Amino acid sequence: MSLGKILRVAKDSIAYELGLKSGDSIVSVNGQKLKDIIDMSFAFAEEDIDLLIQHSDGTQEMYSFSKDYDDELGVEFEAAVFDGIRSCANHCYFCFVDQVPPNMRDSLHIKDDDYRLSFLYGNFITMTNMGKADFDRIRKYHLSPLYVSVHTMNMELRKQMLRTPLAGNLIEQLESLEKSDIEYHTQIVLCPGLNDGDDLDNTIQKLLERRPYLQSLAIVPVGLTRFRTDCYPLQLFDKERAQKVVAQVKKWQDKNREETGETLIYLSDEFYLLAGEDIPPAEYYDGFPQLDNGIGLTRNFIDEWTEAEKEIMPAAFDKTVKLLVVSGKAIEPIFEKLIKSINIPQLDVQILAVENQYYGTSVDVSGLLTGVDIKNAVCAIKETADFDGVIIPSSAVRAGDDILLDDMTVSELEKQISIPVKSALGGRDLYKMLTNWCTETKSEEREKLYTWQSNAGYTKLKEEENE
């Protein structure tokens, strides 16, 4: 039986007034069994409610009440889907989840391919595990937009890359979405010698023909870790190949902007960093529709930093302060350039680009740094210099927690290196942290300063005092 288990109850909510508690589960609303929070949202829109609850001791109780149609129950569930996440049955050449180290937390090994999580959170799906009932439900609830992993519009190649004959149904599936007026964002994991070159041009052309349902196309490079065991010989992009991809895609971007005023096709930041090319300006990202997919994060970071330079008054340092900023190898040149712009007497800032030994040295993004690699790199540099503080990227820390990818906590990291550690949330936060290190700032206050918006980066919630 699918149950929606309650994690938290909001104070003064309907659930609070009913006496519901963490650990209680929703069995049905008006007799309807619920598969997920989508079912819950539509079922609870009725004004007269019969709510069947199963308490943590296994007993069930019915609550009947009336409400306004837009009143919410006021609970947070343990999971967005109540009947279990639909997993991916593909065996893609390039699957990154298959390359995760074996002893990492269970959540990093989940291969979800669930259209509900695509609608709710922007997770990419291949649609190879979807049938008529799924498309009927998408149409019924108008679950738009979805996020679809395309990889190629050559169906024979797609079947080969995903290792399933079901991958050849993509065109018919996109047509089904379009008949239901469902829009979609797409992505390509680009693999040298497979779906790049002429095939990439063909894929872009065929996807552009699907406008206006096509909302965006992201192109990201294949990533390989030292834990990859797949026998298919994949290669990484080098500087020369990355430069070719940037030039190839720019022709399409310029053409789209001339015809529609939008770029529509976006390269991940890694391509520009690897190619040694400038990151495009913000207007090239059309509001950052795929920011959570790593598309435009660097531009967003740079622009936040630039705005912070105009708005935040640096503190006066009454003593020499030496700070160490941790980053991945890929973003190091950007960090070096930005930090050189800080000119504060008695403030000494050094960049530490950590080589990823845990995943493998070919993985060079900040978000995949582990506590053990950060600890080892800091301890090595401590042999020649003392630091007053270490700043790590918040992208390496689990959201809403202080745990890094290898389950080392930030507090544990701090104890092991014997230096205060803070995490910076974006360019503005890093600039303020560096220029006001000696000003006491509680972590709770910094967390309240920003909230994540998937299409616009960080949004300011309140002004900090004395800026």
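The model is predicted, and the description begins with its four-stranded open sheet, in which the strands follow the order β7-β8-β9-β10 and pair in the parallel sense. Because β7 (146–149) and β10 (265–267) each have a single partner strand, they stand at the edges, and one side of each is left without a neighbour in the sheet. From one strand to the next, the twist averages 20°. The pairing of β7 with strand β8 (residues 184–190) is parallel and extends over four bridges, and Ser149 has Gln187 of β8 as its bridge partner. Across β8, β9 (214–221) and β10 lies helix α8 (residues 239–260), which runs at about 150° to β10.

In soluble globular proteins, nonpolar side chains tend to be buried together. Here the largest nonpolar core has 62 residues, and those with the most contacts inside it are Phe94, Met127, Leu177, Ile219 and Phe271. Apart from this core lies another, of 26 residues, with Trp305, Ala308, Leu323 and Ile391 among them. Which residues does Phe271 contact, leaving aside its neighbours within four places in sequence? With those neighbours set aside, Phe271 is in contact with Leu190, Ile219, Val220, Pro221, Phe237, Ala242, Val245 and Val246.

| Residue | Loop | Relative accessible area |
|---|---|---|
| Asn90 | between β6 (75–77) and α3 (115–121) | 2% |
| Gly58 | between β4 (48–54) and β5 (60–66) | 42% |

Asn90 counts as buried because its relative accessibility is 2%, which is under the 20% limit for that class. The side chain of Asn90 makes a polar contact, at 3.0 Å, with the side chain of Thr126.

As for its position relative to Asp198, which is 140 residues away along the chain, the C-alpha atoms of Gly58 and Asp198 are separated by 60 Å.

Note on methods
Residues numbered from 1 in each chain as written. Predicted model: local features only at pLDDT ≥ 70, side-chain atom pairs only at ≥ 80, totals over all residues. Heavy atoms only, no water. Buried < 20%, exposed > 50% of the residue type's maximum accessible area, 1.4 Å probe, protein only. Polar contact = N/O pair within 3.5 Å; in protein donor to acceptor, adjacent residues only side chain to side chain. Pairing = 2+ DSSP bridges. Axes fitted to C-alpha atoms, helices over the stretch in contact; angles between N-to-C directions. Contact = heavy atoms within 4.5 Å. Core = buried A, V, L, I, M, F, W, Y, C linked by side-chain atoms within 4.5 Å.
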